[in-house]
2 protein chains.
Amino acid sequence: MLRGKQTWWFESKPVIIGTATVVGPDEGDGPLAADFDLVHQELDMQQKSWEKAERLLLEQASEFALQNAKLERNQLDFYIGGDLMNQIISNSFAARSLGVPYLGVFGACSTSMESLALASQLIDSGAATHVMAGTCSHNCTAEKQFRYPTEYGSQKPPTAQYTVTGAGAAVVAASGEGPVVECATIGKIVDLGITDPFNMGAAMAPAAVDTIQTHFNDTGRSPSDYDLIVTGDLAGVGHPIAKDLLMQNGVPMDHTLFQDCGLMVYDVQKQKVQAGGSGCACSAVVTYGHLMKRIQKGELKRILVVATGALLSPLSFQQGESIPGIAHAVSIAAGKEL
Amino acid sequence: MLRGKQTWWFESKPVIIGTATVVGPDEGDGPLAADFDLVHQELDMQQKSWEKAERLLLEQASEFALQNAKLERNQLDFYIGGDLMNQIISNSFAARSLGVPYLGVFGACSTSMESLALASQLIDSGAATHVMAGTCSHNCTAEKQFRYPTEYGSQKPPTAQYTVTGAGAAVVAASGEGPVVECATIGKIVDLGITDPFNMGAAMAPAAVDTIQTHFNDTGRSPSDYDLIVTGDLAGVGHPIAKDLLMQNGVPMDHTLFQDCGLMVYDVQKQKVQAGGSGCACSAVVTYGHLMKRIQKGELKRILVVATGALLSPLSFQQGESIPGIAHAVSIAAGKEL
């Protein structure tokens, strides 16, 4: 049911009965390595192209998510997913392998929560009993498509971000054991005119702020209702901007409550990732790997994941367009009784 | 509610309270010209790039759809849309202009019915009271991105299709006057291994057949329940294949009942469009322009629109991948009492 202006309130509290994450070597060198189901030691994963490697990540994550959910493929009603590749080919090919009805979505790096929100909405409304939401990204496919092939070795400014190599998938169900999805706030596009594709965190920060404030307005909740509020991939430049904007708007949050997946997935001081992580997989692997495990351990009771997307294309940038930002927020709680 | 395996049955029968279509000069020269809200006389529409022209088409269609629905922008809860452009930029920029919460989707040329199905699902479940579904394509952006810039004048085989220049948008509401959405069947990916991007009709035909048969199985309906069943853009090669496959599978349909938007939007004998129309706008402008008017005139009581998508990218083709096909079907009826 719609609550407030932009929030779906899931009365039935759909259950995340299983998740899985698969990552590349850089993410395996990061602080969350132990939380992923599989860490590849090589970026190419013995595939013939970066694109085939990205697809493999998602195929593996979706297989493992089914295993973790103790579900057969044919029990899945729908698969919802998207990615950064032109025409979201990684997801379309992974959906072909899954063989279930498929809804392709695109929200750039907000895709993780767009797909989880839609999956939960379908479950809550009785339009499905089991839905998988998934997404993926690969550092080398993103560099090749959006900037330069990595083989060129082109240099980047410190505001740039490092696309996460990985995939995350979650199975949402009408019943079962696991964390529950309480509600989702669907974001508007916010575009303050930033045109620098090497500073996407700043372009997305106002969208994150808009969605977070709308979420609180729509639900009557406040920051203290959450143990953790994470943005998707604002990283070292964008996240402080979001924090400052929220402070100015009367929503102060400290650094333990308000964090960013792009700053969690790598050791930003030691790893060469510029301002931090980005990409569709960034919020997906942190949420479906690390945060799910913290919820299941009892360390977190309720979190808000605010996945952020920069809806540009290389062509729109070349044609002088600014970067439209968007953010979708999903509230996940340890159990139905909360 | 889920009915059968892949079909959402909309008990509340969401109402299409307004639609609009905007097209380019070739579509204006076609047999359906009188059914479109606006026909542009020039392909560039006085914009500086083909991409900006495509965006304008969608911005105009969404504005006109609001006008036709007698709705203000701020009454729209969500906009759902997608297109063929990399990172669906036409829709993201149009959603920025609309300024409402935005769910980006991608199903290639099946996007028209993917977005209409999702919009209707949100209305039916109470997750929204007014949702707009929209999509667009432009012949020159598609040629430039998927094949060669039109300025090269490269020749095409007769199996190729001609991307429709246009945009279509529909406003779906919980109540009001207009045709209603009865149900939607979400397709699986079907890929029989076709790798020729100049023969997408053949690649998509088996997906259309799969979705049509699933629709009948899920709903208990048969072809005789419909006045018209249209595929999205199978055109002159793909549509006869689909018809033959359905015949073989025991679902015979004659040429008045079973048609194709790609064969309706142009005069295929006279206009230089090879096998017929394609593109996201093909099924959108035929459905939201021509078919809606025929329903409102009382000529059609119930139709099934089976939008077909070829989920390839130029890169996946270059890497030797086959073309995954998909089709989503939406049943539209003249009124709730049917």
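At 0% relative accessibility, B:A170 counts as buried (buried means under 20% relative accessible area, exposed over 50% and partly exposed in between, with a 1.4 Å probe and protein chains only). This is a predicted model, in which local features need pLDDT of at least 70 and side-chain atom pairs count only at pLDDT 80 or more, while totals for chains, interfaces and linings use all residues. Residues are numbered from 1 along each chain as its sequence is written, chains are lettered from A and ligands numbered from 1 in the order in which they are written, and side-chain values use heavy atoms, with hydrogens and water left out.

B:A170 belongs to strand β9 (residues 166-173) of chain B; helices (H or I, at least four residues) and strands (E, at least two) are DSSP runs, numbered from the N terminus. Not counting residues up to four places away in sequence, B:A170 touches B:I16, B:G18, B:T19, B:L116, B:V131, B:M132, B:A133 and B:Y288, where contact means heavy atoms within 4.5 Å. B:E143 is 27 residues from B:A170 along the chain, and their C-alpha atoms are separated by 26 Å.

Helix α4 (residues 111-124) is also part of chain B, and its end C-alpha atoms are 20 Å apart, in agreement with the 20 Å that its 14 residues should span at 1.5 Å a residue. The expected span is 1.5 Å times one less than the number of residues. Of the 14 residues of α4(B), 13 are buried, so the helix is largely enclosed by the rest of the structure. B:G126 follows α4(B) and has a positive phi, near 80 degrees.

In chain A, helix α7 (residues 235-248) has 14 residues and reaches 20 Å from its first C-alpha to its last, close to the expected 20 Å. Its buried residues are A:A235, A:G238, A:H239, A:A242 and A:L246. They cover an arc of only 100 degrees around the axis, which puts them on the same side of α7(A); the arc is that of the directions from the helix axis to the C-beta atoms. An α-helix has 3.6 residues a turn, so residues three or four places apart point the same way. The buried residues of α7(A) pack against α6 (200-219), β11 (228-231), β12 (258-260), α8 (261-264) and β13 (277-278) of chain A. On the face turned away from that buried side, α7(A) carries the exposed residues A:M247 and A:Q248. Just after the helix, A:G250 takes a positive phi of about 85 degrees.

Helix α6 of chain A contains A:H215, which counts as buried at 0% relative accessibility. Beyond its neighbours within four places in sequence, A:H215 is in contact with A:T7, A:C183, A:T185, A:R221, A:Y226, A:L304 and A:S331.

The charged end of A:R55 sits over the ring of A:F93, 4.2 Å from its centre, and B:R55 lies over the face of B:F93, at 4.1 Å from the ring centre. The criterion is NZ of Lys or CZ of Arg within 6 Å of the ring centre and within 35 degrees of the ring normal.

How are the two chains related? A rotation of 180 degrees with 0.0 Å of shift along its axis superposes chain A on chain B, with an RMSD of 0.0 Å. That is the relation of a two-fold axis. Copies are superposed by least squares on the C-alpha atoms of residues with pLDDT of at least 70 in both. Within chain A, A:V105 comes closest to the rotation axis, at 1.9 Å (C-alpha).
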